[in-house]
Every structure is written in C-alpha cells, then in structure tokens.
Amino acid sequence: MFHKPLEGLFETPFNKHGGYYTVFLQEAISSQSHLVTHVLVDELHSDWLRRLRYYHSNDMLMSCSGNGRDSLIMRGVMKNAHDKVYIYKVSKGIDCFDYSKDLNVIATGGLDHVVRLWNPYVTAKPVAILRGHISRVLDVIIEEQKGTVFSYDCDTVIKAWDIREHYCIQSIHLKYPYDPNHLDHGPFPMTLLPSPAHALLIACEDYLTELKLHSKPTSKMDRTSHDRSLLAVIYNQKKKQVITGCEGSLVRTWSVETGNKVFEFLGVDGKDEMSCMALEVSGRRLFTGSRTGMVYIWTSGNGQLLHKCLPEPGCAYEVTAIQPLPEKSYTLSVGWSRRILMYHDHAEMLTVEADPSWKGGHVHEDDILCIAHCHPNLIATGSFDGDLILWGLERQSIFKRLKRGSGSLFKSKLKKVGLAAGNKKRLKSDSKQGTPIDAALFFERRANMKYQDSAILVSSQCGILEFWSMFGPLRPRDSFYAASDPGCTVLALATDRDNDILISGDISGYITVWDIREYCNSSVEMTVTKAWMSTKRQASSGEEHDSAPQQSRWQAHTKNVVSLQVVDSFQQGKYILSASPDCAAKLWSIDGVLVGIFGQGHTWNLRECSTPQHSQEQLREKSENGHPVMAPFNKIRPHTSGDVFASNSQFRTKSPSERRHEDSLGLRRSLTESCILGNKYNKTFERRMMDRKARRENLGHVDTALTTGGGLGTSCSPFQALHVLTSDDFELPRDLPMTPRMRTGSKLSPDESWQKNLTSLNLPPILSENDN
C-alpha cells in the first residue's frame, strides 16, 4: 500500500539518464517503509489466483480462483475480529468478476459460459444466472448509470445484460483479421471509460476496439437528493425538517417548508456502511444502523455523535430496524442476528454494550425485517419466514403470536420436498406461509380508544395488507391486495395522526392512498356511519367493497418505494414524503401532485399557500419521468416513468368539456373534500339530512297551514307536526254499576246535568259494607 501516491511511489536516486528503475520488494520494505507498506494475506485460495482487486469504497479485497470450494472471496484488507469473510462457490471456478456498491451486486463469469449476479451478503446461491454465451467468459464489467452488465467471451462476442430484468439487451460480434481459435486477449481484455468519453474499450492482439455507449441527455429537472440509493426518509415534526439517508452513509437534513438543505454528515463511523435509520419521538436523537451490527446515536440538530452501540460478540450482522424507547430508557435493534438486542441509555458513556438478555427469548428462526411500536407497552416484529409476533414490554414476553413462520429458509425448503419431519396440515394451511413480513404499522389512535374489535396493526406480506386486532381469533380482521401489479410487494407503510388514511408504496414505484376511517373500525360512531355508507354504495352501484376505499394512486418513482412519511403539521393540508433507490426524496400532496424533489434547483413555500407557486418556465420544464411541478390553481397528475413505451393518454390533462361532463354526472368532489376534515364533515352532514328525511317520510304529509301561528310562520316544529285525531262523543252504558257516592253526587264534579243523566238510568244500587 502506497501512503503518498501523489508525491511518489518510491524514493529513486538522482540519475541524469532516463529510463526505468528496478525496485526489489525486500529493499522497499526495509528502506522505504514511510512510503510503502505491505500486508501478507496467506491461505486465501486453494488454487492459483486469476484476478485480484481492491475496492476503496468499502475497503474490501476481492479475489477469484478456479477452485470450486473458494471460487470468489471478499474480505477486508486488515483482518479484524468483527470482519466477516464471504466465500462464493461455483463448481468450475470463477475467472473474472466486478463489484458495484451502488447497485449492491457482484457479476462473475468463467468456464461454464454463464454470467452470474450475486448479492454481496448472500453466498448461498446467485440472484440470477444469465445464459447466452457459447464459450468461456473472459471479462465482465458493471455500468452503474444504466444498470447494465457487459460480458466478453473467447469468441469476441460482447453481450449487454439488464441487471434488474435479467435479460440480454444486445449482442455484438467483433471480427479481427486473425485466427479466432488462437487470439491473445490479455489478463484484462475489457475496460470501461467514464464520462465524458463513456465508451467501452476491448483489447485483442494488437487491436484496440472502442464502442461508444449511448447516454441520454439530462434535463434541468432531473435532480436527485443523493448520489447513492436512498434507505429511508424521516420527518422531524418538532423542527419541521426532513432527514434522508443513503447507502453511501450520508445523512442530509432538509427544510420541509422550502426544500433547502440544512446540513449533512456521515451516519456511520469510519468505513462502515449504513443500513437503516430511526428518529426518537421527541425529534432530538437520530439512530442509524450499519451492516456490521453497529448502532450509532446522533443529535438531529447538528449531527454530533453521542453513542456507539456495539453488536453482540460474535454476531456482527446487519441491522434492519431500530426502535427507540425513551420512556423505557433503552433502545431495541433487530436484524440478521434474529435477536432482539437492548441498548440502555448512558449519558456519560460513548461506547454502549449490547444487552442480549431479552426475557422473551430468541423466538424468531429467520432474519427480523421490521419492528413497530404502539405506546406504551406493545411492539410487533416480523421476520423473513413470515413470523409475526406481538410482544409486551413490561414483561418482555410474547403477548400473541399472530402468524407462525416456516422457520429458516433452508428448513422450509426441506419440508416442502418432504425431507424433514413436520406437520402436513401446517404446510397446506397458508399459501403465503414462509414469505417475508415486509412492513408493520400500528394505528395508535385506534389502540388508545380500546375497542376490542378494531384493527390496530397492519402488516404487509406478498403485496397483501392484513389488519389485526389485539383480541379475538388468530386471523386478520380483513385483508386485501394493495400492490399496483400482480406479483409486487409492499415495502413501505405510513398513516396520519388520526389514522384516517393509510399510504402504501410497492416495488413498482407506485404510491396508494387508502381511506381507512371506517375500515376494520368497530367504534359506535364508525359502525353507524359504515352501515349508512355501505347502504348508500349498494344503492348506487349494487356492489360491496371488500378492500378499503382507494383515494388515489400514482407512480412516484422509477424504482421501488422504500420509505414513506406523512406530514400533517400544516394547516394547508397533508403531504407525503417518499424515498426510493432512484436517489430521489420527493414531497407530494395527498392527491398525488408533486410539490418538489429535495435537492432540485428551485424551492417552494408551504406557508404562503396550499400549493407552491413557480414561474411559467419552471412549469413548462418536465423531467424525463414526466413529473410536473405543482401549479398554483391547476392540479396535474404525474406521468408514469414508462412514458417512452406506454401511451401518454392515460394521465393527460382533461379538457374543460370533459370536466363539465364529469360535473354533470356528479363525479367531481366538492372543494371541501380536498382535505380529510371537509370530507368527514360532508359525510356526517349528509347522513343527518338523510336520517331526518327518513323520519319525515315515516310521519307522512305535514299540512303547513296548520303549522302557522305562534310567530313561527311556515316553519315546522316537532310539536306542530303532531297529527291529533278528532274524538267522538262517548256515552256511558246504561247497566253501569254505581256506588252510593256516584248516585248522590260528587263534589269533584259540579255538573248537575251529568247527575240527572245518571239518575234517569235507574241502575241497580251497589251495596257497601255499611249496608250489611
């Protein structure tokens, strides 16, 4: 390793004549140790090395060989106790490889004529096997800008592969004036030149071939928030700031009111790589997790490091989620270690040891992917094998196991093929069993209302959202498919403060807003309202909705949506924050109108008006994916990212005649329905009017002529609307028995005519006790 490469690699003696100078390794080690040092890595491969490369981005050393037991090895340069060695195995060995940290992929090629794509942290099997070459693959190169892998074989055939879709884009056969069976390609036959050249160089014998790569022009609006794929976006309500983090371990803070960047800092220490983020409820401390099991605690105001939380000894695995619990004075972290680790708050200590003494034990048999907290004493964890567990924080024990997973991925495969003992009924019980729990979210407002039948937890699995209640049978209250396309999964969930809407984001880049105010909510008011609304829907359409009502859906990103947040601290309305691996963090209105991208050229102002104002030039500028800037009084739906291939008529702006036609059909919502509060008031008012109309129809016709008087005019009051029937004259029967008092008369009734009528009836006397 050279310490001062810009000044010089070695110290050379003064010489008048030019030429080369021979430096021996032993001499350089002994006399020039201040410029160069060496590290001996022994027993790396069992066969001779075919390629060796160093990647400074993560300080990793990668080497390959022709042995099937250790075909490719990735490890740190300085072997530490916490560093893990990754070994990839291919039966015929590996001749060439390339690694991309931005795309998180390794491409390999060799004697078996195929190109393999690997996840750097999964060595069991490749992500994809690309077949198409008919000879040995000599070299592979990853082009990160377009997500393409170039491969070159012995027959001088170059193939371009799409990393995401795993198909061959183009094949080019190069022809040289030599015998194709005896060509000398050299150790590195292919090189990628970056911009502005942006070309591919191929060396063969004494020829050098240059292939120009097509690069699309970038527009002014095509801006990104980070240079690397985003991991999460968090909204700090106390400070009105947005926090974003990327795979490059860079954390940036933005003003949500204007979109300007406030400050930035590295979210991990040293050469570690960030994997997740979390924010304390008070907005004071920011938590970041790494791929080596470390958890870092920072001040969200200035990015100062407060604590370093070490992983459990011998379990330096990736952290997937962090849950701060300031009221309990500790923080929970979960990840690939399949354990729930606690980090107690110590204000004086910089380094905090992990506390693995979770009283509930280590129940999960596969990687824990998500964690959710419901104040004060309830958390939920979901794992890769489909296990969903509710935990009580007071006793740190299992409160309820909502879904039982299939164990580890290897065990589930053995059970499917019948090689392991297991319950046969369990294998046939659920088609989704064994699939990951991608996200979990609590409805805290519903939980505080303490209705037993209300769903307070939603989980995402295979694109299906399942709603769970704390009590009742071990099955979801209801579920529906929420992804935009078949086969997609939902990775991000968010809700507002009142739990009136649910927002989901899938791997196709679509964001969907669901109205869950009445969905799986068993309160008295919601039950009456839901019954009335269902009757109204059945009368209008004759159908019942099995899923929650969908308010809006749009394509927000070109890649999957990994994080969502709701901004509901402004009187102008609610907004949605989204983050994606396409390096962009965006702010949307609740109707799917793009407010802006954090990091774009111009700013916005959320306090002046409900929609930010821009110049006409900015409104005319559109990015490549077709997202328009939000206009002051014109809401334009964003175009999809596939406008090049799909028709643009699906999201075109409607003409005035079409709008008038929609108004005549009653499809256009009122102005007050632009916010949830106005929509709720309209529905409540309409329900009261319908109930009053139904009561009057049961009463019958009201004669307004009889209601006049008393200064009320023609208005009708409940008392005046009473209809009293005219009574007929009543005569007493002639044989009615009478007492002596009745015959002699009563002081209570001075009517003499009535007494005369009684005496004229000649009724028999009624004997009393005194007469006896």
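Predicted model: local features only at pLDDT ≥ 70, side-chain atom pairs only at ≥ 80, totals over all residues.

Me: Which residues make the nonpolar surface patch of about 280 Å²?
Reply: M1, V39 and M78 make that patch. M78 sits in the loop between strand 3 (72-76) and strand 4 (86-88).

Me: Is M78 exposed or only partly exposed?
Reply: Partly exposed: its relative accessible area is 47%, and the exposed class needs over 50%.

Me: OK, zooming out. How many helices and strands are there?
Reply: The protein chain has 10 helices and 43 strands. On the contact side, take the pairs at least 6 apart in sequence: 48% of those contacts join residues at least 24 apart.

Me: Now H557. Where is it, and is it buried or exposed?
Reply: H557 is in the loop between strand 39 (550-555) and strand 40 (563-570). It counts as buried, because its relative accessibility is 1% and the cut-off for buried is under 20%.

Me: What does the H557 side chain make a polar contact with?
Reply: With the side chain of D582, at 3.1 Å.

Me: What else is H557 in contact with, leaving aside neighbours within four places in sequence?
Reply: Besides D582, the list has S508, G509, S578, A579, S580, A584 and K586.

Me: Switching to rings. How many aromatic pairs are there?
Reply: The count comes to 17 aromatic pairs. One of them is F263 with F265: the ring centres are 6.0 Å apart and the planes are at 20 degrees, so that pair is stacked.

Me: Are F263 and F265 buried or exposed?
Reply: F263 is buried at 17% relative accessibility, and F265 is buried too, with a relative accessible area of 11%.

Me: What about Y296 and W298, and why is that pair called tilted?
Reply: Their ring centres are 6.1 Å apart and the planes are at 35 degrees, so the pair is tilted. Stacked would need planes under 30 degrees apart, and edge-to-face over 60. Both Y296 and W298 are buried.

Me: Which residues do ring pairs link into a cluster?
Reply: F443, F467, F480, W514 and Y519.

Me: Let's do backbone. Which peptide bond is cis, and where does P376 lie?
Reply: The bond from H375 to P376 is cis, with omega near 5 degrees. P376 lies in the loop between strand 28 (368-374) and strand 29 (378-383).

Me: What is phi for N499, and where is N499 found?
Reply: Phi of N499 is near 55 degrees, a positive value in a non-glycine residue. N499 is in the loop between strand 36 (490-495) and strand 37 (501-506), and it is buried with a relative accessible area of 4%.

Me: And C520, what's its phi and where does it sit?
Reply: Phi of C520 is near 55 degrees, which is positive. C520 sits in the loop between strand 38 (510-515) and helix 5 (524-541). At 4% relative accessibility, C520 counts as buried.

Methods:
Residues numbered from 1 in each chain as written. Heavy atoms only, no water. Patch = residues over 30% accessible without salt bridge, like charges linked within 9 Å, V, L, I, M, F, W, Y side chains within 5 Å. Areas by Shrake-Rupley, 256 points an atom, 1.4 Å probe, with all protein chains shown as cover. Salt bridge = Lys/Arg side-chain N within 4 Å of Asp/Glu carboxyl O. Helix = DSSP H or I, 4+ residues; strand = E, 2+ residues; numbered from the N terminus. Buried < 20%, exposed > 50% of the residue type's maximum accessible area, 1.4 Å probe, protein only. Polar contact = N/O pair within 3.5 Å; in protein donor to acceptor, adjacent residues only side chain to side chain. Contact = heavy atoms within 4.5 Å. Phe/Tyr/Trp six-rings, centres within 6.5 Å; stacked < 30°, edge-to-face > 60°.
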